[in-house]
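Please keep the sequence and the structure in view while reading.

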Amino acid sequence: MKLSGNYILKILNDDREVVFSRRFIIYEDIVSVPLQIRRARAMEDIPHKHNLDFSIKTNAISFQMPMQNVKVALFQNGRFDNAIYNVKPQFTIGNDLIYRYDKETQFWAGNEYLNFDNKDIRNAVNNVLRITAGEIYNTILYPNEARGSQPYTFFPDVNGNFLVRNINLNVTNPNLEADYSWVFFSLSAPAYFGKEDIYIGGMFNNYAKTPEFKMDFNKETGRYEKAIMVKQGFTSFQYILADKNGKINGADAVDGNYFQTENDYNVLVYYRENNDRYDRVIGIGTANSENIIN
């Protein structure tokens, strides 16, 4: 790859059908992007949101028309489905671009991710209720309760990531030799019945809002349920509320929004000079809300 920018990798089968795809971004390290996570400024948002304050600094280039030619993309835990795009600089100081908005750069803070670990696919441990055998193993998780009305509780997570693992002693390459399992999710969230859809999301499925990840309401159990085929290992996930078009409803999140939640944040900087034909990615800023300030 010789050019920075946004890319997508697609794997096709023999019929030229897409089996899976993955987005990735290549960037040049030209500008620095100091990034600080702050609590929201509006009284009603202080307990529930994270605000990103950042700037773009460089001595390597002089920006041409920065208000039009510089664009930014803000990401929470590497997600594309709730990213914030194309916020213009609030003001400039010399060649520095300053972003100190009250609302334009805010994310709903969410809650810590849930997780399970079936690295030993025949034993029920780490949030796994039981294992049953079938054509492939079935991993039944403990039922979850909607946490939006509960006090915040800290526990370490990996912010939606996953790790393929198989602890079988005969396995030499877990990425190739880990098994697949049907994982059965169950959620008690009666307040959401008949409203928007609830999806299971994480990096393991690219937060896709497709029918295979949309939970179904079981009238007999009074719970939302779904079985998903997942590769063996450690998987973190969350329940995501979205409308029929896949637009996320962060305000009414199933597990609530708490400013104490630990999230990873990234700011990517795009720049196109007047005569360029594409947007270069010229820098990245990273921060974690564990270091949040007022």
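R23 lies over the face of F80, 4.6 Å from the ring centre. A charge is taken to sit over a ring if NZ of Lys or CZ of Arg is within 6 Å of the ring centre and within 35 degrees of the ring normal. The model is predicted: local features need pLDDT of at least 70 and side-chain atom pairs pLDDT 80 or more, while totals for chains, interfaces and linings use all residues. Residues are numbered from 1 along each chain as its sequence is written, and side-chain values use heavy atoms, with hydrogens and water left out.

The structure holds 14 aromatic pairs, that is, rings of Phe, Tyr and Trp (its six-membered ring) with centres within 6.5 Å; planes under 30 degrees apart count as stacked, over 60 as edge-to-face and the rest as tilted. One of them, F63 with Y271, is edge-to-face, at 5.2 Å centre to centre and 80° between the planes. F63 lies in the loop between β4 (49-56) and α1 (66-69) and Y271 in strand β20 (residues 264-271), so this pair ties together parts that are 208 residues apart in sequence. Helices (H or I, at least four residues) and strands (E, at least two) are DSSP runs, numbered from the N terminus. Both F63 and Y271 are buried, where buried means under 20% relative accessible area, exposed over 50% and partly exposed in between (1.4 Å probe, protein chains only). The rings of F193 and F217 have their centres 4.3 Å apart and their planes at 40°, so that pair is tilted. F193 is partly exposed at 44% relative accessibility, and F217 is partly exposed at 28%. Ring pairs also link F116, F185, F237 and Y239 into a cluster.

The backbone has details of its own. Most residues other than glycine have a negative phi. N126, however, has a positive phi of about 50°; this residue is found in the loop between β10 (114-117) and β11 (128-132). N206, in the loop between β16 (197-201) and β17 (216-218), likewise has a positive phi, near 60°.

Beyond the loop that holds N126, a hairpin joins β11 to β12 through five residues. The two strands run antiparallel and are joined by four bridges; strands pair if DSSP finds at least two bridges between them. I131 has T139 in β12 as its bridge partner.
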